[in-house]
Amino acid sequence: MAGPENILELCPLSVRGFGDPGDIWKDVRAKANSQLYDPQQRGDVPVHSEAKRREWLRDSRRRKCLPERIEIFNVIQGRWTAVTQENLAEHYSRSYWEPIGLGKAWEEIETGAVADPEAELTLREHAEFLAEHLFGTLRKMPETPDERISIIAEEFYPLPEEQEQAPPPSTPLPTFEERLDARMPEVLEIWAASQTGHITSRLVVEGLLHYQWPLSTIHQRALTQAMRQAGWTLRRTAKTRFWVKNA
């Protein structure tokens, strides 16, 4: 239940901004009056696509070391928060985990990847697939073989020689968070000492982290937090915003 007496507690500062509690309550009340009340509805819970969850995992999840932990960016609190399977529901949006369940959601958070759904084969497709590989009686096999009998395809259809000799895939480039962890604060101090001009955020990103500019909002927050933890303060002139080392 919300009312003018507790609206500031229920509506975070990062969402409502600074303002008079009475005006904030009017805005919330007007929004509520514009929507029909459905007693069966548990809230505005959109079903996010796999592409949406992949985007969220890429931008809002990171793995830390010393101690080892997984963190996600809590947009309400405006900071990175350590999560476990036990407290995931407190920090991970319900609209993301409810359609797939907390167990599946934790697997995605832990691995950092959304698994592609596997198409179910019909009974006839199973039979046709087996017949093709065991007896060669059918000309065409299903495009999506069942994982339980994929070993048959490997036995009867080994990889071509050129595929077996193909070079291993290239190592993926480090993420923005990994670059921050590797260069803050020790490498930052050495690098900054060699600079002659203002230490701007763009210079740090491109010169120290070797990452593309501009940054996303989440990466900007992560950079600001890392610089402040390293003992730097953001200053500005009429034309430039730059970082200075605390005395």
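Contact here means heavy atoms within 4.5 Å. The model is predicted: local features need pLDDT of at least 70, side-chain atom pairs count only at pLDDT 80 or more, and totals for chains, interfaces and linings use all residues. Residues are numbered from 1 along each chain as its sequence is written, and side-chain values use heavy atoms, with hydrogens and water left out.

Leu209 is in contact with Phe176, Arg179, Leu180, Arg183, Val204 and Leu223, once neighbours within four places in sequence are set aside. Leu209 sits in the loop between α13 (201–208) and α14 (217–229). Helices (H or I, at least four residues) and strands (E, at least two) are DSSP runs, numbered from the N terminus. The relative accessible area of Leu209 is 0%, so this residue is buried. Buried means under 20% relative accessible area, exposed over 50%, and partly exposed in between (1.4 Å probe, protein chains only). Phe176 lies 33 residues away from Leu209 along the chain, yet their C-alpha atoms are separated by 7.9 Å.

Leu223 also belongs to the largest nonpolar core, which has 23 residues. A nonpolar core is a set of buried Ala, Val, Leu, Ile, Met, Phe, Trp, Tyr and Cys residues joined through side-chain atoms within 4.5 Å. Within this core, Met184 and Leu223 touch the most other members. Two or more residues each come from α11 (176–183), α12 (186–193), α13 and α14. Helix α14 gives the largest share, five residues. Beyond four places in sequence, Leu223 is in contact with Phe176, Leu180, Met184, Ser201, Val204, Val205, Leu209 and Leu215.

A second, separate core holds 13 residues, among them Trp56, Ile72, Tyr92 and Ile109.

Aromatic pairs come next. The structure holds three of them. Rings of Phe, Tyr and Trp (its six-membered ring) pair if their centres lie within 6.5 Å; planes under 30 degrees apart count as stacked, over 60 as edge-to-face and the rest as tilted. Trp56 and Tyr92 form a tilted pair, because their planes meet at 40°, with ring centres 4.8 Å apart. Trp56 lies in helix α4 (residues 50–60), and Tyr92 in the loop between α5 (88–91) and α6 (94–97), so the pair ties together parts that are 36 residues apart in sequence. Trp56 is buried at 14% relative accessible area, and Tyr92 is buried at 1%. Phe73 and Trp80 make an edge-to-face pair, 5.5 Å centre to centre and with 75° between the planes. Phe73 counts as buried at 3% relative accessibility. Trp80 counts as buried at 6%.

Trp80 is also touched by Glu71, as are Ser60, Arg61, Arg62, Lys64, Thr81 and Ala82, not counting residues up to four places away in sequence. Glu71 is found in strand β2 (residues 69–74). With 5% relative accessibility, Glu71 counts as buried. The side chain of Glu71 makes a polar contact of 2.7 Å with that of Arg62, and another of 2.7 Å with that of Arg69. A polar contact is a pair of N or O atoms within 3.5 Å; within protein, one must be able to donate a hydrogen and the other to accept it, and residues adjacent in sequence count only if both atoms are side-chain atoms.

Strands β4 (residues 232–236) and β5 (residues 241–245) run antiparallel and are joined by five bridges. Two strands pair if DSSP finds at least two bridges between them. The two strands form a hairpin, with four residues between them. Arg236 has Arg241 of β5 as its bridge partner.
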